[in-house]
Amino acid sequence: MIPKPISLSQIKAIIELVQNQKHSSAHKLSQLKVETSDSFNLLVVDDNLINRKVICRQANQLGFETIQAENGQEAFDYLTRDYKFAAVLMDLQMPIVDGFEATKMIRLWEHTSGQPAIPIIAVTAHSGPETLSQCLEYGMQDMISKPFQAERLISALQSQNIPMPQIQSRSSK
């Protein structure tokens with residue numbers, strides 16, 4: 001979903017981004033200036049490419065735009081730039097910076113810079129009350145166990161008052 005009108009330079013930037021997905025997504029996205037509704041952007045953080053693709057596909061089918069990060073450091077880098085997201089879907093176990101540490105870094109940055117807290121939803125294969133408790137302790141708002149159905153993603157997002165693009169567009173027609 002790209003807002004209209006869109007300039008030729010924006011279209012070229014999007015095509016270049018898609019063609020160069022193997023390069024650092026952070027670098028390419030920093031050059032992309034397409035304005036989208038912040039409330040429909042999700043940051044998907046997982047070190048496993050297949051997991052990211054599955055989560056992004058589900059979010060895209062709901063009408064969300066997604067940006068992918070491979071680890072918590074990349075997620076932190078996106079969030080501390082000018083990127084705006086409705087929520088972060090964060091894996092817990094990743095190399096470089098895991099989901100717990102990334103959440104801690106994000107919460108500290110939000111506090112010191114006066115930014116509002118972004119909803120962070122853990123997406124993990126490790127379900128259970130102990131994991132949920134740890135997620136909440138670190139400042140995450142909810143947890144989804146992998147694999148999950150779209151209904152669970154909808155529920156987690158709606159519990160954080162995040163508008164649903166498809167639901168919103170149906171009611172406005």
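Two residues are in contact when heavy atoms of theirs lie within 4.5 Å of each other. The legends below use this term throughout. The structure is a predicted model, in which local features need pLDDT of at least 70 and side-chain atom pairs count only at pLDDT 80 or more, whereas totals for chains, interfaces and linings use all residues. Residues are numbered from 1 along each chain as its sequence is written, and side-chain values use heavy atoms, with hydrogens and water left out.

**Figure 1. Overview of the protein.**
The protein contains 8 helices and 5 strands. Helices (H or I, at least four residues) and strands (E, at least two) are DSSP runs, numbered from the N terminus. Along the sequence, their order is α-α-β-α-β-α-β-α-β-α-β-α-α. Of the 173 residues, 40% count as buried; buried means under 20% relative accessible area, exposed means over 50%, and partly exposed lies in between, with a 1.4 Å probe and protein chains only. Among contacts between residues at least 6 apart in sequence, 59% join residues at least 24 apart. The accessible surface is about 9,900 Å², and 53% of this area belongs to carbon and sulfur atoms. Such areas come from the Shrake-Rupley method with a 1.4 Å probe, and for residues only the protein chains shown count as cover.

Val88 is found in strand 3 and counts as buried, because its relative accessibility is 0%. Which residues does Val88 touch, not counting residues up to four places away in sequence? They are Leu43, Val45, Leu79, Ile118, Pro119, Ile120 and Ile121. Val88 and Met140 are 52 residues apart in sequence, yet their C-alpha atoms are 9.5 Å apart in space.

**Figure 2. The nonpolar cores.**
A nonpolar core is a set of buried Ala, Val, Leu, Ile, Met, Phe, Trp, Tyr and Cys residues joined through side-chain atoms within 4.5 Å. The largest such core has 24 residues, and those with the most contacts inside it are Leu43, Val45, Phe85, Val88 and Met90. At least two residues of this core come from each of strand 1, strand 2, helix 4, strand 3, helix 5 (99-113) and strand 4. Helix 4 gives the most to this core, with 4 residues. Apart from it lies another core, of 20 residues, among them Leu42, Phe64, Phe148 and Leu153.

**Figure 3. Tyr78 in helix 4.**
Tyr78 is found in helix 4, which comprises residues 72-79. Is Tyr78 buried or exposed? Tyr78 is buried, because its relative accessible area is 0%. Tyr78 and Ile67 are 11 residues apart in sequence, and the distance between them in space is 9.1 Å, C-alpha to C-alpha.

**Figure 4. Helix 3 and its two sides.**
Helix 3 covers residues 49-61; at 1.5 Å a residue, its 13 residues should span 18 Å, and its end C-alpha atoms are 18 Å apart, which agrees. The expected span is 1.5 Å times one less than the number of residues. The buried residues of helix 3 are Arg52, Ile55, Cys56, Gln58 and Ala59. They lie on the same side of helix 3, because they cover an arc of only 160 degrees around the axis; the arc is that of the directions from the helix axis to the C-beta atoms. On the other side of helix 3, Ile50 and Gln61 are exposed. The buried residues of helix 3 pack against strand 1 (41-45), strand 2 (65-69), strand 3 (87-90), strand 4 (120-124) and helix 7 (150-158).

**Figure 5. The ends of helix 3.**
At the start of helix 3, a side-chain oxygen of Asn48 comes within 2.9 Å of the backbone nitrogen of Ile50. After helix 3 comes Gly63, whose phi is positive, near 105 degrees.

Most residues other than glycine have a negative phi, and most peptide bonds are trans. Ile96 lies in the loop between strand 3 and helix 5 and has a positive phi of about 70 degrees although it is not a glycine. Ile96 counts as exposed, because its relative accessibility is 70%. Asn161, in the loop between helix 7 and helix 8 (165-171), is not a glycine either and has a positive phi of about 60 degrees. Asn161 is exposed, with a relative accessible area of 71%. Pro147 is placed in the loop between strand 5 (142-145) and helix 7. The peptide bond from Lys146 to Pro147 is cis, with omega near -15 degrees.

Definitions and conventions. A polar contact is a pair of N or O atoms within 3.5 Å; within protein, one must be able to donate a hydrogen and the other to accept it, and residues adjacent in sequence count only if both atoms are side-chain atoms.
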